[in-house]
Amino acid sequence: MKALLSTAAGGPETLELLEIADPAAGQGQLLIAVKACAINYPDVLIIEDKYQFKPQRPFAPGAEVSGVVEAVGEGVEGWSVGDRVVATTGHGGMAEKVVVDAVKCYKLPEGRDFVEASALLLTYATTIHALLDRGRLKAGETLLVLGAAGGVGLAAVELGKAFGARVVAAVSSEEKAAAARKAGADEVVLYGRAPFDKDQSKALAEAFKAAVGPDGADVIYDPVGGDYAEPALRSIAWEGRYLVVGFPAGIPKLALNLTLLKSCDVCGVFWGAWAARDPKANRARVAQLFDLWEAGKIAPVVSEVFPFARGGDAIAKMGSRGAIGKLVVKISE
């Protein structure tokens, strides 16, 4: 089979499309013939050895896939050859075939497109866990979403509206603002490109405060980090919840006096570790996502589909932070 492999640490230009041996399903595993692989920001980091997990090389990036079950490993129940499937892989998805633990696989309903399906799990599962389990979001509360036109950002806008929140989306361009509004955002804040000086940081804090209203944001969803974090934290409500999701703009240093003044929580969100520790709760959240998907309350936004041979270009575009919604690599028809 063919796989797009990282053979040395570096950017997308270091990836090589090579022929390798087919994998085999082991105990508790499924062998999936991959149809589509969605791209996420960890794919940018993992090939540069900057992610918290560092697989042994050579490896293929790609943490979520859709496809068809080609073989069922020993001890696996409820799956058959030919079943349609979506799965999280950690890495390895940018290949014609991948072996995945059955506990990380979910049956894809008939009629659902493989490309759209590949873009569902990581962004929406991260976000539903963040908003409900870590952020305790309630109907009628105000949710501020940073990076609101990216994959997790749009998921947060849609899920926030599905759960009855007022959603304020923060983005960096008018094009991204249009995407956030289309996803249901009630209000949009446009911000510039960091780094910010003291005056710019203060101005952004004031813009956030004006948008969320005098009571502040009950929940702040931050998949961006960097210089955007402190201005957002300054707009939080009394006993608000600040959700730490990612750091493409850099790891921020928060002024902890702000957490005292607002009696607020700063909550880390590590969906993958939580899912591994509590798989039953995670499957219940994923089932909730499938219900929302079926009801039309969420729908992954795939802004561009790349052919397999250009998978590195998809990772490069994700790394530039220019993508709206999700980017997907089509592995096979």
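This report describes the domain arrangement and local backbone features of a predicted protein model.

## Basis of the model

Residues are numbered from 1 along each chain as its sequence is written, and side-chain values use heavy atoms, with hydrogens and water left out. In this predicted model, local features need pLDDT of at least 70 and side-chain atom pairs count only at pLDDT 80 or more, whereas totals for chains, interfaces and linings use all residues.

## Domains and their interface

The protein is divided into domain 1 (2-119 + 301-330) and domain 2 (123-272), with bounds from an automatic or database domain assignment. Their C-alpha centres lie 29 Å apart. Domain 1 gives 14 residues to the contact and domain 2 gives 16 residues, where contact means heavy atoms within 4.5 Å.

About 1100 Å² is buried between domain 1 and domain 2, and carbon and sulfur atoms give 57% of this area. Buried area is the accessible area (1.4 Å probe) that two parts lose on being put together, summed over both. Across this interface there are 0 salt bridges (a side-chain nitrogen of Lys or Arg within 4 Å of a carboxyl oxygen of Asp or Glu).

## Local backbone features

Most residues other than glycine have a negative phi, and most peptide bonds are trans. Asp-49, which is not a glycine, has a positive phi of about 60°. This residue lies in the loop between α1 and β4, and Pro-58 is found in the loop between α1 (41-46) and β4 (64-72). Helices (H or I, at least four residues) and strands (E, at least two) are DSSP runs, numbered from the N terminus.

The peptide bond from Arg-57 to Pro-58 is cis, with omega near 0°. A cis bond also links Ala-194 to Pro-195, with omega near 10°; Pro-195 lies in the loop between β10 (187-190) and α6 (198-212).
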